[in-house]
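Dear colleague,

I am passing on the structure below, and after it I set out what came up when I went through it. Please read the notes with the coordinates open beside you.

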Amino acid sequence: METTVDCSTDNVDDSDNDPAVRRQRYLTGDQSVRKRVLWIERCWSKDDCEIISKEIHRLADAGKFQRRHGSYATNDLPVFYLCWNVYLLVMISVRRKVLTSMAQHFYLKVDDLYCKDLFFVKYETTKQNGLELHRDGALLSFNILLSEPSDFIGGGTFFQHLDAVVSTNKGDALAHDSQAMHA
C-alpha cells in the first residue's frame with residue numbers, strides 16, 4: 001500500500017523513451033511533482049527488518065560503520081558490507097518495491113533509477129541523534145525504518161516545504177525529491 005503526502009493529480013507526458021528527456025522533464029516540468037512525499041507501506045516485513053537489523057548490528061560490532069558525507073556527516077554503513085544473502089534481500093526489494101513506486105509517482109521509469117549511495121544510519125541519543133536541514137546529492141531519496149517507532153523518542157523526517165514531520169512504521173519507506181529541504 002502506498003500513500004502520497006501533498007500529492008498532485010497532474011500528469012506528465014511519458015511518451016518519450018529517452019531517459020535523459022524524462023529526467024529533464026522531471027527537473028524542469030510541473031514543480032508540484034517535485035514536492036511529493038511518497039509513503040510506501042510494508043516495503044520490508046518485520047522479519048525482513050529483523051534479518052537486516054541483525055546483520056547491521058553484527059557489522060557495527062565489527063567496526064564497519066563509517067563517518068561519511070562531508071557537509072551533513074552521518075555515521076553509516078554502506079550496503080556493500082552486508083553479507084550476500086542480506087545484500088540481495090535489500091537490493092531486490094528496493095528495486096521491486098521502492099524504485100518501482102518512486103518511478104510511478106514521480107513520472108519516471110524504473111529503469112531510469114538506481115541507488116547512487118545506499119547506506120544504513122544508526123541514530124543514537126549519545127552520538128548521532130539526527131541531521132540538520134539539508135538536501136541530498138541525487139535525483140530522488142528514500143529511507144526505510146528498521147526499528148519499531150516505540151523503540152525511540154522522536155524520529156520521522158521533517159520536510160520544510162510541508163512544515164511537517166512525516167513518521168512511518170517499521171518496514172515502511174519514505175521517498176522524496178532529493179532537493180527538498182529535509183531533516
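Two strands are said to pair if DSSP finds at least two bridges between them; helices (H or I, at least four residues) and strands (E, at least two) are themselves DSSP runs, numbered from the N terminus. This is a predicted model, in which local features need a pLDDT of at least 70 and side-chain atom pairs count only at pLDDT 80 or more, while totals for chains, interfaces and linings use all residues. Residues are numbered from 1 along each chain as its sequence is written, and side-chain values use heavy atoms, with hydrogens and water left out.

On confidence, the mean pLDDT (the predictor's confidence in each residue, from 0 to 100) of the protein chain is 84, and 83% of its residues reach 70 or more. Over residues 1-14, however, the pLDDT is below 50, although this stretch has 45 contacts (heavy atoms within 4.5 Å) in the model beyond near neighbours in sequence. Where pLDDT is low, the predicted coordinates should not be read in detail.

Turning to the strands, E9 (residues 173-177) is joined antiparallel to E6 (residues 140-144) by five bridges, with phenylalanine 142 opposite alanine 175. Four bridges join E9 to E2 (residues 37-40), again antiparallel, and here valine 37 stands opposite histidine 176. Five of the five residues of E9 are buried (under 20% relative accessible area, with exposed meaning over 50% and partly exposed in between, for a 1.4 Å probe and protein chains only), so E9 is largely enclosed by the rest of the structure.

Helix H3 (residues 46-61) has 16 residues and reaches 22 Å from its first C-alpha to its last, close to the 22 Å expected at 1.5 Å a residue, where the expected span is 1.5 Å times one less than the number of residues. Its buried residues are Asp48, Cys49, Ile52, Ser53, Glu55, Ile56 and Leu59. They cover an arc (of the directions from the helix axis to the C-beta atoms) of only 165 degrees, which puts them on the same side of H3, whereas Asp47, Lys54 and Asp61 are exposed on the other side.

Leucine 89, in helix H4, touches Asp48, Ile51 and Ile52, not counting residues up to four places away in sequence. Leucine 89 is partly exposed, at 23% relative accessible area. Also in H4 (residues 84-105) lies serine 101, which counts as buried at 5% relative accessibility.

With best regards
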